[in-house]
Amino acid sequence: MKDSAAVDGQEGQMAGDEARLESAWTAIRAGLRRDIGARLFDQWLKPARLGDYCPDSQTLDLLFASDFSANFVSGQFGDRLRMAWRCAHAGVREIRLLRAPDSLGPRLLQIVHDSNEAQTAALVPEESAPVSNFQPRHSFDQFVTGESNRFAFSAAQAMAAAEQPRFTPLFLHGGTGQGKTHLLHAAAAAFSAHSPSEPVLYMSAERFMMEFVNAMRANETMAFKARLRAARLLLIDDIQFIAGKGSTQEEFLHTINDLIDAGARIIITADRAPQMLDGIDPRILSRLAGGLVADIQPADLGLRLAILEGKRAVAGDPPVSDAVIDFLARSIRSNVRELEGAFNKLVAYGQLTGRSIDLDFAQGMLADAVRANVRRITVDEIQKACAAHYRIDPAEMRSKRRARAVARPRQVAMYLAKKMTPRSLPEIGRIFGGRDHSTVIHAVRTIEDLRQSNPDIDADIRALQRQLES
């Protein structure tokens, strides 16, 4: 049995932690209300409650009424909240924003110790144990898949599975806001679910560089090395940021070599393929290319619609119309993060003002975002896309041949040029081999009629539009 004095001491410590957190939260709330305004604070942050606090990892949960509220606050105020808690000196290094379990009462603050503390401490020095700071809301279940990201999704699942993967490292690459970081957090959560005692470490490449430099200055490089090499799953985001950093790259190379030799799992992301990374040590590139490389392409229209449908399902009131969903999917094409941000903005303003979210409201609110996403589709792009789709020489778009195998694709290209570019009919005619504007009018009317009567033509047009828009 535990000594009663020790038990009393532990209870006293827990009570002290609880009082300190409550006091800090009161001060933080007052500061946030002053900084962001009473209306925004009352709508989004006032309902938040303190959840579990782990003194071992210094992680605190903030609980919200819904997943949508937790996600919105994380996106809009997450960095501000983290900074406020760290500046409060309340023993909080990381926060997690979560939906509160419906079954629990109004007071949810609990002090929860890490049951794996002894095992972790045995692996590395006390102050350098890896802290799992992944976001639970970024799970595999919350990741919407399509043709553009399905392979990367499956590869991340395999890396996080209970069975030892047949490859490592996994290298994910794609443009900003396409879901790479989401997959990192999802892999971390899935791996920890079946191996809770195995250390997981997530950091950006920039953070890796900063911590390595600080460790060298403080003569603590051994502790830094021990911390990274203790990880059984290492996740490094945006590796392109260590380009040209010789000593950082050298340490990174040694780290991944040691982890691979030890049978650990590694997932690394970048904004481009390994062979396209400039300023990265060829030995690192060789290691990355020697694992599995998976790319994430920009989301096509179908995937953008699916993502928005998922957001709408949990957004609550006011309802978002189908017309608004279609407008968002077709207008915000740059990346998924901007798409979700535009949706969140509409819902937030609708909730704050009580306005219904109709098409006029959406177009007015998002005018700047839509303008920024406008990509000028050219007639030349349309000609090339149609020629490739129908497997003819692109030069046939401007030729005088009237064979059906050439004339129909040319009419489709003229139709799309009229629908998808600001070019006038005479301009389109000139680009298609100096034809008269009446020829373009005939082509547009012919394709419009065929779309009503010929499902194959309609399917061709839809496929070409999706290709050109993405």
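# Reading a predicted structure: a tutorial

Me: Which residues is Phe-361 in contact with, leaving aside its neighbours within four places in sequence?

Reply: Contact means that heavy atoms lie within 4.5 Å. With sequence neighbours up to four places away left aside, Phe-361 is in contact with Leu-346, Tyr-349, Gly-350, Arg-355 and Ser-356. Please note that this is a predicted model, in which local features need pLDDT of at least 70 and side-chain atom pairs count only at pLDDT 80 or more, while totals for chains, interfaces and linings use all residues. Residues are numbered from 1 along each chain as its sequence is written, and side-chain values use heavy atoms, with hydrogens and water left out.

Me: Where is the place of Phe-361, and is Phe-361 buried or exposed?

Reply: Helices (H or I, at least four residues) and strands (E, at least two) are DSSP runs, numbered from the N terminus. Phe-361 belongs to helix α14, which covers residues 359-365. For accessibility, buried means under 20% relative accessible area, exposed over 50%, and partly exposed in between (1.4 Å probe, protein chains only). With a relative accessible area of 7%, Phe-361 is therefore buried. From C-alpha to C-alpha, Phe-361 is 9.0 Å from Val-324 in space, although the two are 37 residues apart in sequence.

Me: How should I read a salt bridge, and to what count does the rule come?

Reply: Side chains of opposite charge can pair when their charged atoms come close. The rule asks for a side-chain nitrogen of Lys or Arg within 4 Å of a carboxyl oxygen of Asp or Glu, and the count comes to 24 salt bridges. One of the pairs is formed by the side chains of Arg-96 and Asp-61, at 2.8 Å from N to O. Arg-96 lies in strand β3 (residues 94-99) and Asp-61 in strand β2 (residues 59-64), so this pair ties together parts that are 35 residues apart in sequence. Arg-96 is partly exposed at 27% relative accessible area, whereas Asp-61 is buried at 5%.

Me: Which helices hold Glu-251 and Arg-229?

Reply: The side chains of Glu-251 and Arg-229 meet in a salt bridge of 3.2 Å, N to O. Glu-251 is in helix α9 (residues 246-261) and Arg-229 in helix α8 (residues 221-229), so the pair links distant parts of the chain, 22 residues apart. Glu-251 is buried, at 4% relative accessibility; Arg-229 is partly exposed, at 23%. A further salt bridge joins Arg-401 and Glu-396 through their side chains, at 2.8 Å from N to O. Salt bridges that share partners also make one network of Lys-225, Arg-229, Glu-251 and Asp-258.

Me: In what order do the five strands of the open sheet stand?

Reply: Strands of a sheet pair through backbone hydrogen bonds, either parallel or antiparallel. Two strands count as a pair if DSSP finds at least two bridges between them. Here five strands form an open sheet in the order β6-β7-β8-β5-β9, with parallel pairing. Strands β6 (200-204) and β9 (292-296) stand at the edges with a single partner strand each, so one side of each has no neighbour in the sheet. The twist averages 15° from one strand to the next. Axes are lines fitted to C-alpha atoms, for helices over the stretch in contact, and angles run from 0 to 180 degrees between N-to-C directions. Helix α5 (residues 150-160) packs on the sheet and touches β5 (170-174), β8 and β9; its direction makes about 135° with that of β9. Helix α6 (residues 180-194) lies across β5, β6, β7, β8 and β9, running at about 170° to β7.

Me: How many residues has the largest nonpolar core?

Reply: A nonpolar core is a set of buried Ala, Val, Leu, Ile, Met, Phe, Trp, Tyr and Cys residues joined through side-chain atoms within 4.5 Å. The largest nonpolar core has 51 residues, and those with the most contacts inside it are Leu-60, Leu-62, Leu-81, Trp-85, Leu-328 and Phe-343. Apart from that core lies another of 29 residues, including Met-203, Phe-212, Ile-236 and Leu-253.

Me: Which residues does a cis peptide bond join, and what is the phi of Asn-219?

Reply: Most residues other than glycine have a negative phi, and most peptide bonds are trans. A cis peptide bond joins Thr-168 and Pro-169, with omega about 5°; Pro-169 is in the loop between α5 and β5. Asn-219, although not a glycine, has a positive phi of about 55°. Asn-219 lies in the loop between α7 (205-217) and α8 and is exposed, at 72% relative accessible area.
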